[in-house]
Amino acid sequence: MPPSTPHSAISVIGLHKSYGDHLVLDGIDLEIPEGTVFSLLGPNGAGKTTMVQILSTLIGADAGELRVAGHDLATEPDAVRGAIGVTGQYSAVDKLLTGRENLILMADLHHLGRAEGRRRADELLERFDLVDARGKLAGAYSGGMLRRLDLAMTLVGRPRIIFLDEPTTGLDPRSRRTMWQIIRGLVAGGVTIFLTTQYLDEADQLADRIALLDHGRFIAEGTPEELKRLIPGGHVLLRFEDPGDLRKAADALGMRTPDGGALTLQVPSDGTVPALRDLLDRLGDQPIAEFSVHTPDLDDVFLTLTGQKELQR
Amino acid sequence: MTTMTRAVTDSATMLRRQLRHAQRYPALSVGIAGLPIIFLLLFVYVFGGALGAGLGGAGGTGGGRSEYVNYVTPGIILMTAASGALSTSVSVCTDMTEGIIARFRTMAIARVSMLTGHVLGSLIQTMGSMTILLVVAFAIGFRPNANPVEWIAAIAVMLMTTVALTWLSVGIGVWCKTPESASNVPLPLQLMPFMGSGFVPTDSMPAGLKTFAEYQPFTPIIETLRGLLLGGPIGSSAVQSIAWCGGITLVSYIWAKRLFNRDPSTR
């Protein structure tokens, strides 16, 4: 860990948190430079949300030296609150207010003044494609609209650091992509982002650095490229019409034929074009019913990394 | 911006939010105002004749129903305050289970404003309900003989009672984990006027209940209102009322604030 510098948006040394006997965060060290995207990956229950709740002043830590936007979390929580914005995985909007009223509520709480608050609300409605729905109660919004409104509310106060806790969980693919575009736009504007997600591809798309959280500890940390090199598990799945075709293909690739008359063959591969071309060349004109490329997903990452950890012990 | 002006500005913002809610979800407001009115009509028209005759004719008229309207209205006023308290604890508790409160907690706003917004909204609603109740009572024969000063004093008593019950119900709302329990816990408050001097004189009750009725907080408040609105002795009731309301407000305020400032994870 490099020492804390004035240009750190978030600096964490020795963070511990437990609920009763249950240890949730077990000695986390972290340094996030200003203007970068940090992504925290982990399965449900890994402690991601707890970490966001602590860094966003919602709950206290048991131990650790924590600074956000240069302010100590324990002694200057209000200064931290003035610099951050939080969008959680459960929508934090007022469902009995309209979209526009929600934004004006935020503007009023940031003391923007009546005219400036309304101007800011309308600007954000425009930017988040919510103009048509501005007069509808937020309770009637779709999942994707709620997340957009939620994030728009977070941006009313122009935070320098934004926490996004699983911003796309439960969204359809189109809404997910919209959300990614919005996040990229924020980064371009110089905002620091702390993103938690369960999806490796999401972290890959957005993050400068990724950490994998499991049982309250970082089990890996690095750039997306560094992390991917740690993870084998990509493969090509071949499906055949009958076991005879499969046997011939297996012979051509020098692989053992799977038992039990299976019709599919898993060939390890990193999924790159040269590797696929080589594979197809070796198969020649063998009949293949289906050919699909599988890149490693978070399951592979976790199985691999937690497996390595078990071995090291 | 100083801490104090920030608290005032943020409370005003939260109050606007509450009033919008009341406007969007009027069922709760109608309920607060409606239930005591139903009780008023029920007690005056169904039981009023019999109960009025049993009052012992303070005015010597033996007026039955018409005398009972005067007797029961102060009790129903307190029932309105209790009814408002119930809706406050439900709406506070519902709020606490919503994500928006977590958002407020991560913003640089005056923390107490999240509670004072509820208190102010609830005060306005309950005082409005009491006004409607007095109008209905008037229409069916309630005839107070208070002078303007006594009226102002009576309104002050209603206000301080509402403030006390509202802070108590805010505490209950933060304390309860589900809106269901938040609607059950304050129910005894609704029954308190019955177990005091609200509907019948405490003299007519059996010994144990009579002692409870005479020493519980609603009785001196009802007696003070009765004295101010209809004449008759107030005695030490006024001082007792102020002490009860002040005490309940202070303890509830501290309790609610402490509960609210806890880590949300320990809720």
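Predicted model: local features only at pLDDT ≥ 70, side-chain atom pairs only at ≥ 80, totals over all residues.

Student: What makes chain A a chain with domains, and how far apart do their centres lie?
Tutor: The assignment divides chain A into domain 1 (34-58 + 77-93 + 141-230) and domain 2 (235-295). Their C-alpha centres lie 38 Å apart. For the overall extent, the C-alpha trace of chain A spans about 75 × 50 × 35 Å along its principal axes.

Student: What is chain A built from?
Tutor: Chain A has 11 helices and 13 strands. Of its 313 residues, 40% are buried. Take the contacts in chain A with a separation of 6 or more: 69% of them join residues 24 or more positions apart.

Student: Why is Ala211(A) called buried?
Tutor: The cut-off is 20 or more other C-beta atoms within 10 Å. Ala211(A) has 22, so it counts as buried. This residue lies in strand β9 of chain A. Leaving out residues up to four places away in sequence, Ala211(A) touches Leu40(A), Phe218(A) and Glu221(A).

Student: How far is Ala211(A) from Leu41(A), in sequence and in space?
Tutor: They are 170 residues apart in sequence, yet their C-alpha atoms are 6.1 Å apart.

Student: How do you know that β3(A) and β9(A) are paired?
Tutor: Two strands need at least two bridges to count as a pair. Strand β3 (residues 37-41) and strand β9 (residues 209-214) of chain A have four, in the parallel sense, so they pass. As part of the picture, Leu41(A) stands opposite Leu212(A) in β9(A).

Student: And what makes β8(A) a partner of β3(A)?
Tutor: The test is again at least two bridges. β3(A) and strand β8 (residues 192-197) of chain A share five, running parallel, so they qualify as well. Here Phe38(A) stands opposite Phe194(A) in β8(A).

Student: Why is β3(A) described as mostly covered?
Tutor: Five of its five residues are buried. Val37(A), Ser39(A) and Leu41(A) point one way, Phe38(A) and Leu40(A) point the other way, and all are buried.

Student: What can you say about the faces of β7(A)?
Tutor: Both are covered. On one side are Ile161(A), Phe163(A) and Asp165(A), on the other Ile162(A) and Leu164(A), and all of these are buried.

Student: Which strands does β7(A) pair with, and over how many bridges?
Tutor: Four bridges join β7(A) to β6(A), and the two run parallel. In that pairing, Thr87(A) has Leu164(A) as its bridge partner. β7(A) also pairs with β8(A) in the parallel sense, over five bridges, with Phe163(A) opposite Phe194(A).

Student: Which residues touch the most other members of the largest nonpolar core?
Tutor: Leu103(A), Leu149(A), Ala152(A) and Ala82(B) do, in a core of 87 residues. Helix α3 (residues 65-97) of chain B gives the most to this core, with 16 residues. Ala152(A) touches residues including Leu103(A) and Phe128(A).

Student: How many residues does each chain bring to the contact between them?
Tutor: Chain B brings 21 residues and chain A brings 24. On the chain B side, the largest share, seven residues, comes from α1(B). By class, that side has eight nonpolar, six polar and seven charged residues.

How values were computed
Residues numbered from 1 in each chain as written. Chains lettered and ligands numbered in written order. Contact = placed C-beta atoms within 7 Å. Nonpolar A, V, L, I, M, F, W, Y, C, P; charged D, E, K, R; others polar. Core = buried A, V, L, I, M, F, W, Y, C linked by C-beta atoms within 7 Å. Buried ≥ 20, exposed ≤ 12 C-beta atoms within 10 Å, placed from the backbone. Domains from an automatic or database assignment.
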